[in-house]
Amino acid sequence: MTDQVSFPDAVQWAVPFFIAAILAEFLWIAVKGKGGRYETRDAVTSLIMGAGNIASGFLLGFIAYAFFMWLWQITPLDLGTSIPVIILCFVLDDLRYYWVHRFGHRIRWVWASHVNHHSSQHYNLTTALRQTWTYTFTFMMVVRAPLILLGFHPAMVLFVGGLNLIYQFWIHTEAIGKMPRWFEAVMNTPSHHRAHHGRNARYLDCNYAGVFIIWDKMFGTFVPEQENDRVDYGLVHNIGTFNPLRVAFHEWVGIWHDATQPGLTLRQRLAYCFAPPGYSHDGSRDNSEQIKAKHLARHPEDRGTPGFEQVDKILPKGQAEQA
Amino acid sequence: MPLEILLVLVVGGIAGITLLLHLTGKSRLHVLTPDTAPRQWMRHFPDDTVIDVTIAHDGHAALVRTQNGAGLIWSFGADTVARHLQDFDWFETANGIEVRFHDFSTPRATLHLDQTERQHWQHMMRPA
């Protein structure tokens, strides 16, 4: 196995670009009078979350890297570091990203890490930097294991993962409407990702893509942004704090409170940890399917439109109407 | 990238952007009106039916009566946050009332109320 392979830390090198792009977006909005909103404390919180994400990488990154290097030691495969291999690694890692991201919205344990990225009611380039501090604790690094076992060097896998994150930076904007049709068909774009950040019933649990939107189209989670349903950014239950510590840890605290309350069965405690967000043992909360069903009960005219096609399959029509 | 340069970029970038936003008026709080407060509430709780709203004189908070009980909506930067008034405490402050929710993600709301409002709001916020 080739151990002496090194790639630059792309995300760190992109920091000056991030700052310049935020300033450019801010100026664009100021000059044009449209294309997004900025608010001081919201933006500062997002930027501090971004800085904390880099710091957590310094502090905890060795855990994932040690795991990856162990996998690299045991795999007999080595695909090398040629350009075609790096490109293939990038595409496969984007597929990995799609599934980790989907788990991040459908498994509360992973959502506890990812939720902070959705906790802003704004959508601008600073929102892109509102990143997790607790990813290591989700153990989602195991989803990268197949790539390394297939012979992609860990340093390369981390490098393309960094490129993936850098790509996703520019799509966090309202300053860009739609890209050319061919681009919208293949790539993740500001329009597709705006929908992903929506708290509207229609947009819950859609558009998990990192770089290529084709994964959502393949796996049935694609919902195009609708002109008649403007995206409302944030969480179903928006948080009321700009404190980065509370932003970073609030869902973990929520899991602790829920799973340790008295009188629950072991199954219920585990469901509070690992079921989709919105689970409750007493039916006092709604998950995304129930939110969509309730929306359709209020707005039956939306039945069958993008984002609601699956509801009738999950909940029979009568049940959805009663929701 | 050398750590010291990264540190300077991150700290300098955050400080510069903060200053720019504040000096260009991006720290202004959302203002609620009798028209917007019910709409904002319904944005947070679409299943509710709003009976009436009482707006604080500064426009930064409103008490909302709904069929599911009373609630509070308040300015959160340029946006709003809302909670039903369940599982909370309140404390009088020099300028009004501080509501403390037993919720790690939404610890408190600071309400600026004059003397007349203060009594009315306290009465309205009492659990039925």
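Phe139(A) sits in the loop that joins helix 6 to helix 7 (145-149) of chain A; helices (H or I, at least four residues) and strands (E, at least two) are DSSP runs, numbered from the N terminus. This is a predicted model, in which local features need pLDDT of at least 70, side-chain atom pairs count only at pLDDT 80 or more, and totals for chains, interfaces and linings use all residues. Residues are numbered from 1 along each chain as its sequence is written, while chains are lettered from A and ligands numbered from 1 in the order in which they are written.

**Confidence and domains**

- The model has an ipTM of 0.94 and a pTM of 0.94.
- Chain B has a mean pLDDT of 95, with 99% of its residues at 70 or more; pLDDT is the predictor's confidence in each residue, from 0 to 100.
- Chain B is assigned domain 1 (1-28) and domain 2 (36-125), with bounds that come from an automatic or database domain assignment.
- The C-alpha centres of these two domains of chain B are 33 Å apart.

- Ile17(B) is in contact (C-beta atoms, placed from the backbone, within 7 Å) with Ile22(A), Ala43(A) and Leu47(A), leaving out residues up to four places away in sequence.

**Pro190(A)**

- Pro190(A) belongs to helix 10 (residues 190-196) of chain A.
- Pro190(A) is buried because 20 other C-beta atoms lie within 10 Å; the cut-offs are 20 or more for buried, 12 or fewer for exposed, and partly exposed in between, with C-beta atoms placed from the backbone.
- Pro190(A) touches Ile171(A), Thr173(A) and Ile176(A), not counting residues up to four places away in sequence.
- His172(A) is 18 residues from Pro190(A) along the chain, and their C-alpha atoms are 5.9 Å apart.

**Positive phi**

- Most residues other than glycine have a negative phi.
- Phe139(A), not a glycine, has a positive phi of about 65 degrees and is partly exposed, with 13 other C-beta atoms within 10 Å.
- Asp87(B), also not a glycine, has a positive phi of about 60 degrees.
- Asp87(B) lies in the loop between strand 4 (79-84) and strand 5 (88-93) of chain B and is exposed, with 9 other C-beta atoms within 10 Å.

Technical notes: Two residues are in contact if their C-beta atoms, placed from the backbone, lie within 7 Å.
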